[in-house]
Amino acid sequence: MGRQYKYYDFVMAAFVCVLLCSNLIGAGKAAQLTLPVLGPVTFSAGVLFFPISYIFGDILTEVYGYGRDRRVVWAGFAALAFASFMATVVVSLPPASSDYAQQYQAHLVGVFGDTPRIALASMIAFWCGSFSNSFTLAKMKLLTKGRWLWTRTIGSTLVGELIDSGLFYVIAFYGIWPNEQIVAVTLAQYVFKTSWEVVMTPVTYRVVAFLKRAEQEDYFDRNTNFNPFKLN
């Protein structure tokens, strides 16, 4: 882990940025689009951008290996935990007595006032889904001997996003929503997120090829300890 890379830190920063923005900016908005065949489809606006974090996870594992992606996942988890803590503190502080402060407080609660249950669901789902994604890709790279990149970027996303979406909606809404609604929303979000990976495959190929050339690295996790709690 002592080798220095030119772009690793930039990819890590981009990953954490996308993760935080998709969870803080888009998660609270329910959007609706009318699609051919399907008709009106309601979804969380955050799902437009959250799958990009999985694309970064694929790129990190493919180029730098599971161990270095593991560090990035923990960085993202820590950022999510701090953002949730900060949002809780800021929302909980009593606002000033002015009309503007009172109105602004209502907006803050609407945007950042997620319940602890939803915040916990988001962090657990992200952690489990991201590590499942990285582990699957690393193992598939060994099985395919580094060929057919598309099979492992899409295959790992199918695994990671299934775990992520399933855990989030069950933990966050079980007992609140009808079970049929949880299943329907989970499946819709899962299809949408994994479709992003398929659409972005040409971009993933270009970024991976660029980083492998620039870093002179194409890591294979042959002797990797896949314990998610190790950081070295």
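Helices (H or I, at least four residues) and strands (E, at least two) are DSSP runs, numbered from the N terminus. The model is predicted, so local features need pLDDT of at least 70 and side-chain atom pairs count only at pLDDT 80 or more, while totals for chains, interfaces and linings use all residues. Residues are numbered from 1 along each chain as its sequence is written, and side-chain values use heavy atoms, with hydrogens and water left out.

**View A. T224 in the segment after α8.** T224 lies in the segment that follows α8. Leaving aside neighbours within four places in sequence, T224 is in contact (heavy atoms within 4.5 Å) with Y66 and Y219. T224 and L80 are 144 residues apart in sequence, and their C-alpha atoms are 26 Å apart in space.

**View B. The contact of α2 with α8.** The axes of α2 and helix α8 (residues 201-215) come within 10 Å and cross at roughly 35°. Axes here are lines fitted to C-alpha atoms, for helices over the stretch in contact, and angles run from 0 to 180 degrees between N-to-C directions. The crossing of α2 and α8 is right-handed; a crossing is right-handed if the near helix is turned clockwise from the far one by less than a right angle, and left-handed if anticlockwise. From α2, the contact takes in I55, I59, E62, V63 and Y64, and from α8, T204, V207, V208, L211, K212 and E215. By class, these are seven nonpolar, one polar and three charged residues. Ala, Val, Leu, Ile, Met, Phe, Trp, Tyr, Cys and Pro count as nonpolar, Asp, Glu, Lys and Arg as charged, and the others, Gly among them, as polar.

**View C. The contact of α2 with α7.** Helix α7 (residues 179-199) packs against α2 at an angle of about 50°, with the axes 9 Å apart. The two helices, α2 and α7, are therefore oblique to each other. Angles under 35 degrees count as roughly parallel, over 145 as roughly antiparallel, 65 to 115 as roughly perpendicular and the rest as oblique. The crossing of α2 and α7 is right-handed. F50, P51, Y54, I55 and D58 of α2 meet K193, W196 and E197 of α7. Five of the residues in this contact are nonpolar, none is polar and three are charged.

**View D. The contact of α6 with α7.** Helix α6 (residues 149-173) and α7 pack at about 150°, their axes 9 Å apart. This angle makes α6 roughly antiparallel to α7. The crossing of α6 and α7 is right-handed. Among the residues that meet are T153, I154, T157 and L158 in α6 and I182, V185, T186 and Q189 in α7. The contact of α6 with α7 has 10 nonpolar, seven polar and four charged residues.

**View E. The largest cavity.** A cavity is a set of points, on a 1 Å grid over the protein atoms alone, where a 1.4 Å probe fits but cannot get out; lining residues have an atom within 4 Å of a point. The whole structure holds one cavity of 30 Å³ or more. The largest cavity contains about 40 Å³ of space, a volume being the space filled by probe spheres set on the points, with grid points joined across faces, edges and corners. F15, S53, Y54, G57, D69, V73, S130 and N133 line the largest cavity. At least two lining residues come from each of α2 (50-64), α3 (66-92) and α5 (116-143), and α2 gives the largest share, three residues.

Technical notes. 1 Å grid on protein atoms, 1.4 Å probe; cavity = no way out; pocket = protein on both sides within 12 Å on 5 of 7 lines; lining within 4 Å.
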